[in-house]
Amino acid sequence: MKRWRGPAALSLATLLLVACSGQRPVAVPENPSSKAPSGPQRGGRLVYGLSADANGLNPVTDQFASQSYSMVGTVIEPLVTVDANGDWKPYLAESLTPNETYDEWAIKVRPGISFHDGLALTGDVVKANLEAQKASPLNNAVLVPVESFELTDPMTVTVKLNQPWVAFPYYLAAQLGMIVPPASLRDPGTASVKPVGTGAFVFKEYVPDSRMVVTRNPDYWRDGLPYLDEIEFRILPDSQTRAQTLEAGGIDAMGTTRDEDITKYGGQKDAYTVHRARGMAVPEYMFLLNTAVAPLDDLRVRRALAHALDRATIIKTLRGGLTQPADGPWSRDSPWYAGGGAYPAYDLAKATALVKEVEAEKGPIAFEIISTPDPNTMQGIELAQDMWRKAGVDVTIKQADQADLINRAVTGNYAATVWVQFSSPDPDGEYIWMHQAYSKPVGQVSLNFTRLRDDKLSKAFDLGRTNPDQSARKQAYATVQERLRELVPFVFVDHLDTGAVVARTKVRGIGEQVLPDGEKGLPLTGSPVPYHPFTQLWVSPR
């Protein structure tokens, strides 16, 4: 497997795929078992199938994706988590308190927690971790507003910002907030293959592209947890092989995005449970357009592509009709969704008219779209290619592995590509992907991959970041949606809620975790294969 170390914070593409489209998140078991056991039981071993290996196990230096969080999250924990209502909650932190202007946040560390190497978790360790993240070329882009981290008492770190930042704690719920001991900071290479943290499980073994094994932490700071003795994460990239291994009993649970898996295993209620990611935990499937290069620098061409795309047919063909069409990063039942606007609906006549208008001025419209070679992905690309050709646009397809595709998006060496993104628990999580401050010329590293520069959209993001008033924030993000619909830097297709976890009925506790304060935690996070905590999973004897 190729291990990519990109020049920018591309781990944030998954960090911020940690939960924004739709209702507040709920894990929906498609077929809960009718015979519930009496309660959690200690002991047992879980074998869990993942779709890919991690790119490394160090949150400071390695690109994280859903499989990274599944594996590493058992060992290394974050300062903050997200509850079932989509609100941030302290985790390793006991509290996070802003000043009146939200340009300072005091992070008080929860007492009585130790790392697996025996060192106590204290404020100076948290400060060192946050400073390492700020210095990391991989993750520093999101921390641009941070001026300093100060140790204000042995268990409190104060984060000083150059502007108000009302959603700052959300960023500490994922990779940026995952805390490792000083030894891991001093030796990042070892930390990439042998993680150490405060988590419910202790690292035992890692064989790249094969498996990772963790065992129960007997000194875990949450009394009575975890329930399992051991977890083996098995890397099975091929979705069909993964499903066959589940059926043969080689694994106990797996992640999937295939609608056929949801239908098949959902119909076998006595043998399997199916848990789908819903609501704000779901990313969007779309086509990413480079607005800085011809012909996609012409708004008429971008609108023509959107008008020519029959999303209903794509959803029926690729998702079995299970998903809902998207017109932006948040679905209609999201508290952040704003209706109206001018998102181009399917209208082949309008698309064709726009194409002819541009051709009369500039000549034929043609561009290349890049895709990974995965058969399911290629099917979607080919559907779009056919639809766009019907409108008069000549589209060629070029295959690239994921690492190359991402590098091309970062540097602007592309016209269009298929993309999955936007599942932050707060709209501010999309700031660096759309704000014009992160749009750089082609050839330079740009986290705003579309390179769209729009002052009105950027000012709306600034307002949403700095204003604590909820109504003002909602209006700001309504403006964001209005500009995206008008300017079409993304051709949205659907909200990708076919991401699911399929488990044998003996596996219990998926999506049922309780936070330290007794509240329910976020059940599943989709990116697009969902992941979830393992601390409170258990295996029933039957």
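These notebook entries record what I looked up in the structure.

**Basis of the model**

I worked on a predicted model, in which local features need pLDDT of at least 70 and side-chain atom pairs count only at pLDDT 80 or more, while totals for chains, interfaces and linings use all residues. Residues are numbered from 1 along each chain as its sequence is written, and side-chain values use heavy atoms, with hydrogens and water left out.

**Entry 1**

I took strands (E, at least two residues) and helices (H or I, at least four residues) as DSSP runs, numbered from the N terminus. I counted two strands as paired if DSSP finds at least two bridges between them.

I looked up an open sheet of four strands, ordered S5-S6-S8-S7 and paired antiparallel. Strand S5 (93–98) and strand S7 (146–153) are the edge strands with a single partner strand each, so one side of each has no neighbour in the sheet. On average, neighbouring strands here are turned by 20 degrees against each other, direction ignored; for such angles, axes are lines fitted to C-alpha atoms, for helices over the stretch in contact, and values run from 0 to 180 degrees between N-to-C directions.

I then followed the pairs. S5 and strand S6 (residues 104–109) run antiparallel and are joined by five bridges. Helix H3 (residues 123–135) packs on this sheet and touches S6, S7 and strand S8 (156–161), its direction making about 170 degrees with that of S7; contact means heavy atoms within 4.5 Å. Threonine 97 has alanine 106 in S6 as its bridge partner, and proline 98 stands opposite tryptophan 105 in S6. The hairpin of S5 and S6 has five residues between the strands, and tyrosine 102 there takes a positive phi near 60 degrees.

For S7 and S8 I noted six bridges in the antiparallel sense. A hairpin of two residues joins these strands, and valine 146 has leucine 161 in S8 as its bridge partner.

**Entry 2: the six-stranded sheet**

I found another open sheet, of six strands in the order S15-S19-S14-S18-S16-S17, with mixed pairing. Its edges are strand S15 (324–325) and strand S17 (394–399); each has a single partner strand, so one side of each lacks a neighbour in the sheet. Helix H12 (residues 402–411) packs on the sheet, touching S14, strand S16 (366–371), S17 and S18, and its direction makes about 135 degrees with that of S16. Six bridges pair strand S14 (residues 284–289) with strand S18 (residues 416–421) in the antiparallel sense. Within S18, valine 420 is the bridge partner of tyrosine 285.

**Entry 3: the S9–S10 hairpin**

I read strand S9 (residues 201–207) and strand S10 (residues 211–216) as an antiparallel pair with six bridges. Tyrosine 206 faces methionine 212 in S10 as its opposite residue. Three residues lie between the strands of this hairpin, where aspartate 209 has a positive phi near 65 degrees.

**Entry 4: loops**

I looked up two cis peptide bonds. One joins leucine 225 and proline 226, with omega about -5 degrees; proline 226 is in the loop between S10 and strand S11 (230–235). The other runs from alanine 294 to proline 295, with omega near 0 degrees, and proline 295 lies in the loop between S14 and helix H8 (299–308).

I also noted arginine 451, a residue other than glycine with a positive phi, near 60 degrees. Arginine 451 lies in the loop between helix H13 (431–434) and helix H14 (455–466).

**Entry 5: a salt bridge**

I noted 29 salt bridges in the whole structure, each a side-chain nitrogen of Lys or Arg within 4 Å of a carboxyl oxygen of Asp or Glu. Among them, glutamate 519 and lysine 89 meet through their side chains at 3.3 Å, N to O. The two residues are 430 residues apart and link distant parts of the chain: lysine 89 is in strand S4 (residues 88–90), and glutamate 519 is in the loop between strand S21 (507–508) and strand S22 (538–539).
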